[in-house]
Amino acid sequence: MSDFYREFPHINYELYEVPIDEQTQQLLEGKTEIGIANAPLKQSKRFETLFSRKERLVALFHKDSPYLKNDKPNILLDDLEDIPLCLSRGCSELFFSVCSDSHIFPQVMSINTTKLSAIAWAEKNTGVAIVPAPAVELFPANLVRKEIKDERLFLEMTLSIVKGRELSQVAQTFINYYMQNK
């Protein structure tokens, strides 16, 4: 969005970071025009997905975390078993399911409505955040990113609109820009 803002600096934004049920409702009621989600929208038949990509779950450690054992870029799922974890709600169901299938019992400190809230715990060195992230996403300098090496730990990030609803010129401009620069 920052690149879009630089190209179109006179556009004002209203961004809502809400649970998927609320995002679905906001789209259907016309409060928002575009949904960007890392969980399936409810009533999916009413939406058109314009773009999707897989995002791997990553563990974010504070650089001074006592749980940060090495400088390898990856971590195994069972390495997380005795660590206080802070999950974003969007990935919690998948994470718990994969842990259960693997007979791993994580120590969950918090489940957070937003990804940013989970990351805030890691920034304060209180827990380790588990969040979905594309390979190119940058995090604060005091955090160390480790990909969780398990091929089941991916979420689908989607950009969606309500089927058949005309978009404002600004929303259409954003979608065109996004599709050209994804």
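Buried means under 20% relative accessible area, exposed means over 50%, and partly exposed is in between (1.4 Å probe, protein chains only). The model is predicted, so local features need pLDDT of at least 70 and side-chain atom pairs count only at pLDDT 80 or more, while totals for chains, interfaces and linings use all residues. Residues are numbered from 1 along each chain as its sequence is written, and side-chain values use heavy atoms, leaving out hydrogens and water.

**Exercise 1.** Work out where Arg-6 and Asp-3 sit and how they pair.

*Solution.* 
- Step 1: find the helix. Both residues lie in α1, 3 residues apart, about one turn of the helix (helices are DSSP runs of H or I, at least four residues; strands are runs of E, at least two; both are numbered from the N terminus).
- Step 2: check the contact. Arg-6 makes a salt bridge with Asp-3, with the closest N and O atoms 2.8 Å apart (a side-chain nitrogen of Lys or Arg within 4 Å of a carboxyl oxygen of Asp or Glu).
- Step 3: check the cover. Arg-6 is exposed because its relative accessible area is 58%, while Asp-3, at 43%, is partly exposed.

**Exercise 2.** Find out which parts of the chain Arg-56 and Glu-147 tie together.

*Solution.* 
- Step 1: look at the pair. Their side chains meet in a salt bridge, 3.2 Å from N to O.
- Step 2: Arg-56 is in strand β2 and Glu-147 in strand β7 (residues 143-148), so the pair links parts 91 residues apart in sequence.
- Step 3: widen the view. Shared partners join Arg-56, Glu-147 and Glu-151 into one salt-bridge network.
- Step 4: compare cover. Arg-56 is buried at 11% relative accessibility, and Glu-147 is partly exposed at 24%.
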